[in-house]
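Here is a short briefing for a reader who is new to this structure. Take a look at the sequence and the model, then read on by topic.

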2 protein chains.
Amino acid sequence: MNPGDLPSRVLIQEEGPREGFQSEAPVALPDKLRLIEALATTGLSRINCVSFVDPQRVPQMADAEEVARRLARRPGVLYTGIWLNEQGFERALTSGIDLLPNVVASVSDTFAMKNNRCSGAELIRRQGAMIERYKAEGLALDAAHVFTAFGCHFEGDIAPEKSHRDAGRAAAGVREHDTTPRTVYLCDTVGAANPVLVRRLLGLVRSRWPDQEFALHLHDTRGMGLANALAALEMGVVRFDASVAGLGGCPFAGNRAAAGNVCTEDLALMCEEMGVDTGLDLDALAACARLAQDIVGHPLPGKFMNAGRIRHASAAARA
Amino acid sequence: MNPGDLPSRVLIQEEGPREGFQSEAPVALPDKLRLIEALATTGLSRINCVSFVDPQRVPQMADAEEVARRLARRPGVLYTGIWLNEQGFERALTSGIDLLPNVVASVSDTFAMKNNRCSGAELIRRQGAMIERYKAEGLALDAAHVFTAFGCHFEGDIAPEKSHRDAGRAAAGVREHDTTPRTVYLCDTVGAANPVLVRRLLGLVRSRWPDQEFALHLHDTRGMGLANALAALEMGVVRFDASVAGLGGCPFAGNRAAAGNVCTEDLALMCEEMGVDTGLDLDALAACARLAQDIVGHPLPGKFMNAGRIRHASAAARA
C-alpha cells in the first residue's frame, strides 16, 4: 500500500446517540440534545439520533419524538433515526426527523429472531411492504443493512460465501420492487470480522454488484475495528458508521452484545493521518467524546480523546 | 491483500511484566512471579520480566534480581530483562536472567535525554562500549532498538526519512565493532505511528538493508496499534513486542507517556483469525490478561479477555 491506494475522502456517519445510548442506562433528554448538538458542530453530516422502537423493549429510546422535536438543528446536517417495522416508520414520519428509508436483512436467522422477531427469510419478505410504504411517501430507498455479515454470537462464524448468498436473496427481494438502495451496509453487528474476512466479503459482493456502493458498520468488540477499517479503506470503501468515544457498550461489563461501534474520532484520526480527508474537526470530536463519557458516567474506550495528537502534545511540551 | 500475502507464522514477545508493570504502582513480588509463570504456559517463548535500572528512578523494578532468582522456569522459554548502561548489564549478568544483549538509539534527541540522559549522538557512541562488553562475555548482539522511530511527544512528528537516516548512523556505529544485531526493532515508543507511516519507514529501511530482520514495538496510545500491526504483517514483519491485556498504562489517566503496548492476546487473535500462526493459546492468554487486571486493580484495555471468540460465544449460547 502507498497513500495513493487509499480513498481521498471518506464519509463517517455518527451512530453514538442512537446505537450508543441504546446500550446505556437511560440518558436524560437534555444530555441527549447536548451531545447531538455538539456533534453537529464537528463536521459530521449524518447523525443517527433515535430509534423508533417499542419503548417497552428499549426504554432508552422512549423519548425519540421528544428528541426529534427539541433538537436545535444546523443546516447541512441530517439528523436521522431508525425503525424496524411500519409502525416505527409511521412514528418517524410524523416526528420531523430526517428520513433515510432503509431495508434490512440478517445473515443469522437467530439474530433476526432476537432483533426483528422473525426468520431471515420472513424479514426479507417484510421489506417489500416497507419499500412500497416509502414509495407511497415519495421517498427513495437510501440503504440496505446486512446484519451479522461477518459472524454472530448465536450462530458463530459466518462464511463470507453465506453472507454473499444471503445478500443476493435480499437484493432479489428489493429488485422485485423496482428499486435499489444507494448504499449497502455490511454490518459487523457483534464485532466478528477480521481484516481478511472484510476483504473476502467485499471482494465477493463487489464482483457480483460492481456498480453498488458498499459501506461498513463495524464494532470494536475484539479490538480489530480500526484494522478492519484499514482493510476496507484499502478496498476503496468510503463510508463508515462509527460512534463518538466508541459509545455503545461498557468494555468492562463483559457484555458482548453491547460492545461499541468503532470509535468516530479514532477512525477519523487514522484516516486524517493517512491523508484521507474526513471533513471532521478532530479536537471538537474529542471534546464530544469527553462529553459522552461525562454523560454516561463511566470510561468509554475511545483513545484519541485522552491521547491527543502527537503534534499537539509536542506544542504543549514545548510551551 | 489475500491471506497468502501474510506471513505463515509470527513471533510475539511479551513485554507486560517489564514495560507494563514499570508504568503501574509497584506490584508485589509474588504477583509478578504469578503472572510471569502463567504467561510461560501460553506458548510465549520470550517474556521480558525486569529492568535493571536505577531503583531511585524506577522503584517498580527495584526487585529485579529477586524476580530473576525466584522465577520457576519452564524449558524453552526465555525470561529476559533490559538495561540502559554497563552498570545495569553487570546486574543482569549476575542475576541469572536470560541475556539478550542489545543496543539502542533514539531518533528524538529529547527522548534520549529523558530516557538515557544523553543526546542521541552520545547514546550511539556509548553503544560501542556495550558491544565490547558483550563480546568480552562471549555474547552475540541480539537486537538494536530504534526508539521514537515514528514520532515523539517532545519533538512531535518524525519523518520516516529522519528515522531512516538516524538508523543508518546507529548502524554505522554498530558496524565499527564488527557485528550486526539479529533484529532491529522500530519502536513506536509513544504510539505516534499510523499504517502509512509504518509502511513508508519499513520500505525505506528494507531497501537499504535488505538482509536485516526488522521487528515492531508498537504502542496503542491512539487506538491504531492493530491497524499498524496489520500494515506491518502485510509487509512481511514476523516479530512483534506486545503486552498482555495491553498492560502499560491506564487509558483513563490521560497519561500519554504511559499508554500500553499493543495487547498480546488481541494481536494474537487477529493473527490467528487471519491464518497467521502465533503458537499461542488464546484462552490461556485471556486468563493471564484477567490475572494482570486483578493484579493492577483497574481495568486494562485488552478486548479479547472480555469478548472471547465468536465460535466460543456461539457454543456457550447453544448450551
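Over all chains, the structure holds 10 aromatic pairs. One of them joins Trp83(A) and Phe89(A), with ring centres 5.2 Å apart and planes at 55 degrees, so the pair is tilted. The model is a predicted one.

**Aromatic pairs**

- A pair of aromatic rings is described by the distance of the centres and the angle of the planes.
- Trp83(A) is buried, with 4% relative accessible area.
- In chain B, Trp209(B) and Phe214(B) make a tilted aromatic pair.
- Trp209(B) has a relative accessibility of 18%, and because buried means under 20%, Trp209(B) counts as buried.
- Phe214(B) is buried as well, with a relative accessible area of 5%.
- Back in chain A, one aromatic cluster is formed by Trp83(A), Phe89(A) and Tyr134(A).

**Chain A: fold and dimensions**

- Chain A has 13 helices and 10 strands.
- Its radius of gyration is 19 Å, close to the 20 Å that the globule rule gives for 319 residues, so chain A is as compact as a globular protein of that length.
- The C-alpha trace of chain A spans about 65 × 45 × 40 Å along its principal axes.
- Take the contacts in chain A between residues at least 6 apart in sequence: 76% of them join residues at least 24 apart.

**Chain A: surface and charge**

- How much of chain A counts as buried? The figure is 61% of its 319 residues.
- The chain exposes about 11700 Å². Carbon and sulfur atoms supply 49% of that area.
- Chain A carries 34 positive side chains and 39 negative ones. The centres of these two sets lie 1 Å apart.

**Helix H9 of chain B**

- Helix H9 of chain B covers residues 225–234.
- Why is H9(B) described as largely enclosed by the rest of the structure? The reason is that 10 of its 10 residues are buried.
- Among these buried residues are Gly225(B), Leu226(B), Asn228(B), Leu230(B), Leu233(B) and Glu234(B).
- The alanines Ala227(B), Ala229(B), Ala231(B) and Ala232(B) are buried in H9(B) too.
- Just after the helix comes Gly236(B), with a positive phi of about 90 degrees.

Terms used. Residues are numbered from 1 along each chain as its sequence is written. Chains are lettered from A and ligands numbered from 1 in the order in which they are written. This is a predicted model: local features need pLDDT of at least 70, side-chain atom pairs count only at pLDDT 80 or more; totals for chains, interfaces and linings use all residues. Side-chain values use heavy atoms; hydrogens and water are left out. Rings of Phe, Tyr and Trp (its six-membered ring) pair if their centres lie within 6.5 Å; planes under 30 degrees apart count as stacked, over 60 as edge-to-face and the rest as tilted. Buried means under 20% relative accessible area, exposed over 50%, partly exposed in between (1.4 Å probe, protein chains only). Helices (H or I, at least four residues) and strands (E, at least two) are DSSP runs, numbered from the N terminus. The radius of gyration is taken over C-alpha atoms; the globule rule is 2.2 Å times the number of residues to the power 0.38. Contact means heavy atoms within 4.5 Å. Accessible areas come from the Shrake-Rupley method with a 1.4 Å probe; for residues, only the protein chains shown count as cover. Lys and Arg count as positive and Asp and Glu as negative; His and the chain ends are not counted. The place of a charge is taken as NZ of Lys, CZ of Arg, CG of Asp or CD of Glu.
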